[in-house]
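Below is a set of questions and answers for a reader new to this structure. The sequence and the model come before the questions.

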Amino acid sequence: MRKPLAAALLALAMAGAGAAPAVADAATARTATVTAAPAATAGAAGTTTKDRTATIQAVDFAGTVSLSNCSGSVIRFPNSADSDPALVLTNGHCLETGFPEPGEVITGQSSSRSFGLLNASGSRIATLRANQVVYSTMTDTDVTIYRLTTTYAQIKSSYGISPLTVADTHPVAGTAIKVVSGYWKRIYSCNIDGFVYRLKEGGWTWKDSVRYTSACNTIGGTSGSPVIDNATGKVVAVNNTGNEDGERCTENNPCEVDASGNVTVRQGINYAEETYQIPACFGAGNKLNLSASGCVLPKP
């Protein structure tokens with residue numbers, strides 16, 4: 001897991017006390033059309049290849065948030081309404097009450113956590129507050145979803161900020177992505193290198209994780225950052241960990257396990273957990289329904 005303490009120590013070493021890393025790869029303000037090389041599509045049905053003609057979206061900090069120890073984003077689902085209470089997505093290991101245990105799923109827990117809402121340039125323009133941990137787990141995935149005391153419409157009216165939409169389809173290998181950290185106000189650019197059958201770290205195991213190419217060298221404090229598809233502007237994963245020391249399957253040193261049980265360690269490579277399966281678990285009013293058709297999130 002990406003811990004903010006490690007990030008702070010790194011920042012101090014690199015830039016001196018009190019200084020944070022400079023913003024990397026600031027998003028452009030324009031939109032361009034490109035034809036990408038054939039990309040591999042990975043999923044339960046196997047791998048196929050297709051040509052993708054994409055409109056590149058400007059990716060910036062608008063809609064991201066800073067937490068006390070992590071990054072996050074204000075999110076909506078394809079069927080969310082403007083009048084729904086807004087939601088914030090971050091990691092399970094960013095939960096203010098501590099890491100959920102392996103096998104533990106938390107729902108409906110009271111919360112008064114605050115979040116710094118950022119605009120496009122990364123300036124903090126408001127403080128948002130949660131009233132509930134809607135869902136949190138570190139089993140199969142690594143997510144926490146908070147419900148805010150404000151609606152999407154209220155946030156848009158007051159601050160001019162729209163939420164990020166969570167894609168409801170499996171991400172594609174080779175896709176150009178950005179990892180947007182509200183904690184550090186830093187954007188990382190790379191590609192989805194592939195998908196990991198099982199990613200193990202300490203006592204936790206995550207399924208079908210996203211592996212980045214090496215350019216996304218995320219650091220502590222980037223936990224919970226939205227992973228955004230450059231072509232669609234939608235959230236396809238949530239940043240959560242990386243192998244720091246080359247150790248095998250220990251905390252801060254996740255290992256990859258394939259379907260045959262073979263273990264691979266990739267020092268310096270970082271990972272995220274997919275989010276496409278989350279929208280199916282939320283119904284009208286952004287209410288969690290773990291019994292809904294198509295919902296595969298772990299249940300309490």
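Q: Is strand S7 (residues 114–118) largely enclosed by the rest of the structure or largely exposed, and how many of its residues are buried?
A: This is a predicted model, in which local features need pLDDT of at least 70 and side-chain atom pairs count only at pLDDT 80 or more, while totals for chains, interfaces and linings use all residues. Residues are numbered from 1 along each chain as its sequence is written, and side-chain values use heavy atoms, with hydrogens and water left out. Strands are DSSP runs (E, at least two residues) numbered from the N terminus, and buried means under 20% relative accessible area, exposed over 50% and partly exposed in between (1.4 Å probe, protein chains only). Strand S7 is largely enclosed by the rest of the structure, because the number of its five residues that are buried is four.

Q: Which residue of S8 stands opposite Gly116?
A: Two strands pair if DSSP finds at least two bridges between them. S7 pairs with strand S3 (residues 64–66) in the antiparallel sense over two bridges, and there Ser66 stands opposite Gly116. S7 also pairs with strand S8 (residues 124–137), antiparallel and over five bridges. In S8, the residue opposite Gly116 is Thr127.

Q: Which residue in the turn of the S7 and S8 hairpin has a positive phi?
A: The hairpin has five residues between S7 and S8. The residue in question lies in the loop between these two strands. With a positive phi of about 95°, it is Gly122.

Q: Which residues does Gly122 touch, not counting residues up to four places away in sequence?
A: Gly122 is buried, with a relative accessible area of 3%. Gly122 and Ser181 are 59 residues apart in sequence, and their C-alpha atoms are 9.5 Å apart in space. Contact means heavy atoms within 4.5 Å. By that rule, Gly122 touches Phe61 and Lys185.

Q: How many residues of strand S15 are buried?
A: Strand S15 covers residues 235–242 and is largely enclosed by the rest of the structure. Three bridges join S15 to strand S14 (residues 226–229), and the two run antiparallel. The buried residues of S15 number eight of the eight.

Q: Which side chain of opposite charge is nearest to Glu273, and how far away is it?
A: Glu273 is in strand S18 (residues 270–274). Lys and Arg count as positive and Asp and Glu as negative, with His and the chain ends not counted, and a salt bridge is a side-chain nitrogen of Lys or Arg within 4 Å of a carboxyl oxygen of Asp or Glu. Glu273 is buried yet has no salt bridge; the nearest side chain of opposite charge is that of Arg198, at 9.4 Å.

Q: With which side chain does the side chain of Glu273 make a polar contact?
A: A polar contact is a pair of N or O atoms within 3.5 Å; within protein, one must be able to donate a hydrogen and the other to accept it, and residues adjacent in sequence count only if both atoms are side-chain atoms. Residues that Glu273 touches include Trp206, Lys207 and Asn240. The polar contact, at 3.4 Å, is with the side chain of Asn240.

Q: What is the C-alpha to C-alpha distance between Val179 and Thr218?
A: Val179 is found in strand S11 (residues 176–181) and counts as buried, at 0% relative accessibility. Among its contacts beyond four places in sequence are Tyr188, Thr218 and Asn239. Val179 and Thr218 are 39 residues apart in sequence, and their C-alpha distance is 8.3 Å.

Q: What angle lies between the ring planes of Phe77 and Phe282?
A: Rings of Phe, Tyr and Trp (its six-membered ring) pair if their centres lie within 6.5 Å; planes under 30 degrees apart count as stacked, over 60 as edge-to-face and the rest as tilted. The whole structure holds four aromatic pairs. Phe77 and Phe282 form a tilted pair, 4.8 Å centre to centre, with an angle between the planes of 35°.

Q: How many residues apart in sequence are the parts that the pair of Phe77 and Phe282 ties together?
A: Phe77 lies in the loop between strand S4 (71–76) and strand S5 (85–90), and Phe282 lies in the segment after S18. Phe77 is buried at 4% relative accessibility, and Phe282 is buried at 11%. The parts tied together are apart in sequence by 205 residues.
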